[in-house]
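Visitor: I would like to learn how to read a model with two chains, feature by feature. Could you take me through it?

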2 protein chains.
Amino acid sequence: MAKTIGVSRATVSRVINKVPTVDPVLRQTVERAIEATGYVPNQAARSLVTRRTDSVALVISEPEHRHFDDPFFGRVFTDPFFGRMVSGAMSVLRPLGIQLVLMLAENADARAKLMTYLRQGHVDGVIIDSTHLDDPLPQQIVELGLPIVLCGRPAKPYPISYVDVDHQSGARLAADHLVARGCQEVGTISGPLDMSAAQDRLTGFRAGMAQHGHAYIPCVEGNFTVESGERAMEQLLDEHPRLDGVFAANDLMAQGALTVLAARGRRVPQDVAVIGFDDSSAAVSSRPPLTTVRQPLEDMAAAMARNLMNHVEDAELRVSSHIFEPTLVIRESA
Amino acid sequence: MAKTIGVSRATVSRVINKVPTVDPVLRQTVERAIEATGYVPNQAARSLVTRRTDSVALVISEPEHRHFDDPFFGRVFTDPFFGRMVSGAMSVLRPLGIQLVLMLAENADARAKLMTYLRQGHVDGVIIDSTHLDDPLPQQIVELGLPIVLCGRPAKPYPISYVDVDHQSGARLAADHLVARGCQEVGTISGPLDMSAAQDRLTGFRAGMAQHGHAYIPCVEGNFTVESGERAMEQLLDEHPRLDGVFAANDLMAQGALTVLAARGRRVPQDVAVIGFDDSSAAVSSRPPLTTVRQPLEDMAAAMARNLMNHVEDAELRVSSHIFEPTLVIRESA
DNA sequence: TTGTATGCGTTATCAG
DNA sequence: CTGATAACGCATACAA
């Protein structure tokens, strides 16, 4: 404690916390002393009394069954989706001096550990990306009284703040583009249908195609991985050899579809047009580059962070949500 | 505090911290009470006295000048490299109940904030990936007295624990494979030569080729991005039209090279063989899939985490390092 | 405007 | 083996 100069620690505390009622001269002196001694307040002691930790958790809650071969970890962290989330959240959190703690909850055990961690008061709030419908985690966290913002609309409506993209409208964009191209027989590769986002994209796409007079749209369910995209594309092609357009519910699956189409000698987009969803980095690295529905993930994550911090500042704040509008990014695949 | 039952808080503390000297019967009672009330110790109060936070920082220290177009954030978090690091570190940290705090240091301002954060005692140690030679951060952190493990050999040798891969030997693997294929005129795309890893890969590759009698190996410097790989490949091709083999210092640049080769009508690997470095997800999603030097990043990150925790447990521990041996993963590009 | 005193929830020391 | 009691380092209500 920099009390080598004749001031009380209370004054030092006031200076550090920028309390206005401090004599400018004294403040100067203290600031100089702080500078000289390199003093920084101990975080543990501080948060013991302020009840704030200045850090929030970003939790990815995903059931492990969506993955087969390699360990769960590798998948989620390598997914471009993850990186964009972190990026967007950090852009608003960092200027505020708030730190981001990364957490995973892929099974019951991890969930239990996570809840304990949260109960310990390690973070001021949580941003959560929960991908399956019946995930108990978000509910548990609100019951805990911890501020929380969800990524994506909750399965069953209940009072929780969230931000999402309009999946249906995005899928419609894809449908419109495919018809405008003149596609006659189109199919779709959906995501796992226990996820509301996957459901919405499928619904939206079918609705969009229906508007243009295409009543029946064959669909094969994938699980958002490249491999599942390949398998789905094969099945689609086997059952509908004359297919000339495909909408995949994410870029990774679209990329898988591209591989299969190339292997079968179909030119993209001349023979078969392909549209993805997300506008992830996979979209630009695919050959050909993917036409895809862009989800403004960074903006969404930033909105989540902002919303969360509002709730942290004011515990009484009512829940609110923010729906972003997707856009179609036209590249070469359609 | 679960003192509704007639025990002192000291005893509760003992039970929670699994101190052996506690009457089994009493322990039962306490455990039951804990269970019933859902009590969890407050982390801030605990670490105020234990001086441990049970969390470590993963910091990515990268100069921003390596990136042009889009914000720095997006790049680093979307890079497969990052995901694999997180993944490996988490695999050892999580079972220990240690949390991972993500931090970025791309400029002086961010570095200052970072140092303040560390000084506040928010974490027990740091795993740092510092990509440029003259980064002051690692040094500053050791001076702070905080346990630290570096990813990659430090520029100038000084006492700090690190784990690395043998870049030279990896590059030699690539050289051997290229000549075994019968390549006559090969070039290389290096990483930014202010990074020791990039230097080592270039040195190792040239040494390997020299052993097979290839004295001169043309090199164009890239910056580890897809775009830079494209530009470098174009230049290489312009200056050496008869090139039939290329070693790129990472997969992303190799991917860029692939694009250019395809655009110029060169078949891979028949006309030009291409080898990358990393074995990132980009390697398998490229067309054709990349033959590449695999860096066991997950294992390396796990080793870093273990090493770090050793230093956290025992502050007197001497620094130590661990060099991993890379392997060649043969796919279709060479 | 500034200093004093108290409490935040644990763990650790030391008697008992 | 267990219970008081003293730190831990800060913020803050209250007094001056």
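Guide: Let us begin with one residue: Pro288(B) lies in the loop between helix H12 (281–285) and strand E10 (291–294) of chain B. Please keep in mind throughout that this is a predicted model.

Visitor: Is the peptide bond from Arg287(B) to Pro288(B) cis or trans?

Guide: As a general idea, most peptide bonds are trans. Here the bond from Arg287(B) to Pro288(B) is cis, with omega near -10°. A further cis bond leads from Val268(B) to Pro269(B), where omega is near 10°, and Pro269(B) is found in the loop that joins helix H11 (251–263) to strand E9 (273–278) of chain B.

Visitor: How should I read the phi of Asp278(A)?

Guide: Most residues other than glycine have a negative phi. Asp278(A), which is a residue other than glycine, has a positive value, near 125°, and its place in the fold is strand E9 of chain A.

Visitor: Which residue forms a salt bridge with Arg264(A), and what parts does the pair tie together?

Guide: Side chains of opposite charge can pair when their charged atoms come close. In this model Arg264(A) forms a salt bridge with Asp238(A), with the closest N and O atoms 3.0 Å apart. Because Arg264(A) lies in the loop between H11 and strand E9 (273–278) of chain A, while Asp238(A) belongs to helix H10 (residues 226–239) of chain A, the pair ties together parts that are 26 residues apart in sequence. Over all chains the structure holds 20 salt bridges.

Visitor: What area do chain A and chain B bury between them, and how many residues are in contact?

Guide: The two chains bury about 3800 Å² between them, 59% of it on carbon and sulfur atoms, and 45 residues of chain A are in contact with 44 residues of chain B.

Visitor: In what sense do E2(A) and strand E2 of chain B pair?

Guide: E2(A) and strand E2 (residues 99–105) of chain B pair in the antiparallel sense over three bridges. To follow this at the level of residues, note that the bridge partner of Leu100(A) in E2(B) is Leu102(B).

Terms used
Residues are numbered from 1 along each chain as its sequence is written. Chains are lettered from A and ligands numbered from 1 in the order in which they are written. This is a predicted model: local features need pLDDT of at least 70, side-chain atom pairs count only at pLDDT 80 or more; totals for chains, interfaces and linings use all residues. Side-chain values use heavy atoms; hydrogens and water are left out. Contact means heavy atoms within 4.5 Å. Buried area is the accessible area (1.4 Å probe) that two parts lose on being put together, summed over both. Two strands pair if DSSP finds at least two bridges between them. Helices (H or I, at least four residues) and strands (E, at least two) are DSSP runs, numbered from the N terminus. A salt bridge is a side-chain nitrogen of Lys or Arg within 4 Å of a carboxyl oxygen of Asp or Glu.
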